[in-house]
Amino acid sequence: MPLASYQTSVPVVVDDAKCIADKGCTVCVDVCPLDVLRISDMTNKAYMAYDECWYCMPCEADCPTGAVTVNIPYLLR
Amino acid sequence: MALDQIVDGLSEVSCDVLVIGGGTAGPMAALKAKLKNPKANVVLLEKANVKRSGAISMGMDGLNNAVIPGYATPEQYTKEITIANDGIVDQKAVYKYAQNCYKIVEELDSFGIRFLKNENGDYAVKKVHHIGSYVLPMPNGETVKKALYRQLRRARILISNRYMATRLLKSSDGRIAGAISVNTRTAEILVIRAKAVILCMGAAGRLGLPTSGYMFGTYENAANSGDGYAMAYHAGAALANLECYQINPLIKDYNGPACAYVAGPFGAFTANNEGSRFIECDYWSGQMMLEFYNELLSGKGPVFLQLKHLHPNTIEEIETTLHKVERPTRGLFQQGRGVDYRKESIEMHISEIGFCSGHSASGVFVDDNARTTVSGLYAAGDMASVPHNYMLGAFTNGAVAGIDAMEFADSHDFAEFDAADVAMERDRVLAPTKREDGIPPNQVEYKTRRLVNDYLQPPKVTRKYELGMRRLAEAREDMQERMIARNAHELLRALEVQSIMDCADMAAHASLYREESRWGLYHWRTDFPEKDNENWFCHTLLSKQNGKMTSEKRAVEPYVVPIADDEKDLYDKQRIRATA
């Protein structure tokens, strides 16, 4: 059976202007317990690649520039 | 090369003691093993990153079970936990924990973790349990992981992040020989030979589906998918009392604690829709959960945690703790709904089911030295069978495991495993990556967990369980024959689904075996509604024998601390009775 992609509004948002992943920072990607953040090949900034979030906060708390915001996933908001 | 792209690779390393899981018990086990023999190699393997992994990822608001001299005695604590577990406890391990935990508190204090003290400089212990006082707040509880990490670095523990262990390796004579793991970002296989292995892999927290429908909105850290239970099972270790589920009272939809352990000592309480108390004690026991469940369905639900009657300064203090530690997004959640604790009570609900000895009594069977039934294999923390052990139990029993495992490693050479076992496991692990077409892991997982909710959630009905097992077997066939993983991250999820499926099967099997009701809501069987001490005052041990899931009875060890007849049912009296 063929696969279709499924749209979802992701809870973790990164402010590209503040994110320094393009300078080599990977803190949020490193600390995430669910391993759902990645650095974009196109923008070289961090983003949420997989909507599998425990809304736990290490990404936001450990980000050195305050670029990451954790929102409550829509389904339980 | 891009992350998540699948790489073909297999390497092998060896160490004296391998600790799997870097949450709470694991770091302490690794530390104690290394301090026991500084020349030995200790590897700490972690599926996520030790800096922020496990149940205490964002810290913890306090110790829930500290036996502090002057406030409680090991005898008193052992008695309370025995009664809370309807008597099904091997007291030796609980008593040993109770004796050792104060030393661990002092050690954590030396790591820089602070505990609340009163004006006289004594620990300010609070009462939450039914009988004794064991709750000790941690004013800088958000720093726990950082403090632990510093100790690991100082002791030169070898940390391997982003490796998921999948199976244990054993020698032909049944001794532990190591583990097989897979890199969660490249799918490369890493074989680790070890003289002793300690499993500290947390709860099975992704078993039931949260009522929000969001698969990762679980009570437990959603990374805790029950991998440790599955690995222990496939290695032939016995698992104890898996029918004693974990079900917790949580903030509805948010699915985290509200948290009565923090707010209760200040005067907050659990109330029904009339604003009345209906339970005597907010300590999480199966008996309390049964009253909670009954109230929800009685027409007097919803159930709330009420603190609006408290002084504004008190509410502010509670709020600061709730919104800073353990689950700090609680504040964001309440803000989004416009809930102000000063004006409105917190709507509560009951969680999905799981396995977790942190709050109940199910887990890989261990003795008072944290030894499992497999030689050289240990377990500690939420996945080991020492009941109600919470964070301090994970630390204390992790320490016990670390020391004993290093003694074992010092007196044994490496056990030999069969290379064919590695080849077979590699094929099993990578199978979903070899398919061109199939069902993605998230769909298999959703279906499995939805079936868990539909059929396995208490009240447990035999006919429902039989049907549930048939449906789960069909889902298992899909998982084994058709599940597809297109990158390393999907493979991680695909492997987790296999742990979840194994845990679902074990939960069903163990529940059908115990033909009585016990532990309140945790094991309420409608076909056997009474507690049956004559036939079932025993542990149940589940294990894989000749490839088949098997359950058997195991006698409760003679008590170290006797329980008087009039104390045995103290936890059965949870409902507040109308007084004349």
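1. Confidence. The model is predicted, not experimental. For chain B the mean pLDDT is 96, and 99% of the residues of chain B reach 70 or more. For the complex the predictor gives an ipTM of 0.98 and a pTM of 0.98.

2. Contact between the chains. Chain B puts 29 residues into the contact, and chain A puts in 23 residues. On the side of chain B that touches chain A, the element that gives the most is helix α9 (residues 330-337), with three residues. By type, the residues on this side of chain B divide into 13 nonpolar, twelve polar and four charged.

3. Open sheet. Four strands of chain B form an open sheet with antiparallel pairing, in the order β14-β9-β16-β17. The edges are β14 (363-364) and β17 of chain B; each has a single partner strand, so one side of each is left without a neighbour in the sheet.

4. Strand β16 (residues 538-545) and strand β17 (residues 548-555) of chain B are paired in the antiparallel sense over eight bridges. Two of the bridge partners can be named here. B:Leu541 has B:Glu552 in β17(B) as its bridge partner, and B:Ser543 has B:Thr550 in β17(B). The hairpin formed by β16(B) and β17(B) has two residues between the strands. In the turn, B:Asn546 has a positive phi of about 50 degrees.

5. Nonpolar core. The largest nonpolar core contains 223 residues. The residues with the most contacts inside this core are B:Val17, B:Ile198, B:Leu199 and B:Leu239. Helix α14 (residues 488-513) of chain B gives the most to the core, with 14 residues.

6. Surroundings of B:Ile198. Leaving aside residues up to four places away in sequence, B:Ile198 touches B:Val17, B:Val19, B:Ile20 and B:Ala29, as well as B:Tyr378, B:Ala380, B:Ala401, B:Gly402 and B:Ala405. B:Val17, one of these contacts, is also listed with B:Ile198 among the core residues that have the most contacts.

7. Cis peptide bonds. Most peptide bonds are trans. Two exceptions in chain B deserve a look. B:Gly301 and B:Pro302 are joined by a cis peptide bond, with omega about -5 degrees. B:Pro302 lies in the loop between α7 (286-297) and β12 (303-306) of chain B. A cis peptide bond also joins B:Pro458 and B:Pro459, with omega about 0 degrees. B:Pro459 sits in the loop between α12 (441-456) and α13 (462-482) of chain B.

8. Positive phi at B:Arg156. Most residues other than glycine have a negative phi. B:Arg156 is not a glycine, yet has a positive phi of about 60 degrees. The residue is in the loop between α4 (144-154) and β5 (158-160) of chain B. B:Arg156 counts as exposed because 11 C-beta neighbours lie inside 10 Å, and the cut-off for exposed is 12 or fewer.

9. Positive phi at B:Ala187. Phi of B:Ala187, also a residue other than glycine, is positive and near 70 degrees. B:Ala187 is in the loop between β7 (176-183) and β8 (189-199) of chain B. Is B:Ala187 buried or exposed? B:Ala187 is buried, since 24 other C-beta atoms lie within 10 Å and the cut-off for buried is 20 or more.

Note on methods: Residues numbered from 1 in each chain as written. Chains lettered and ligands numbered in written order. Predicted model: local features only at pLDDT ≥ 70, side-chain atom pairs only at ≥ 80, totals over all residues. pLDDT = per-residue confidence, 0-100. Pairing = 2+ DSSP bridges. Contact = placed C-beta atoms within 7 Å. Nonpolar A, V, L, I, M, F, W, Y, C, P; charged D, E, K, R; others polar. Core = buried A, V, L, I, M, F, W, Y, C linked by C-beta atoms within 7 Å.
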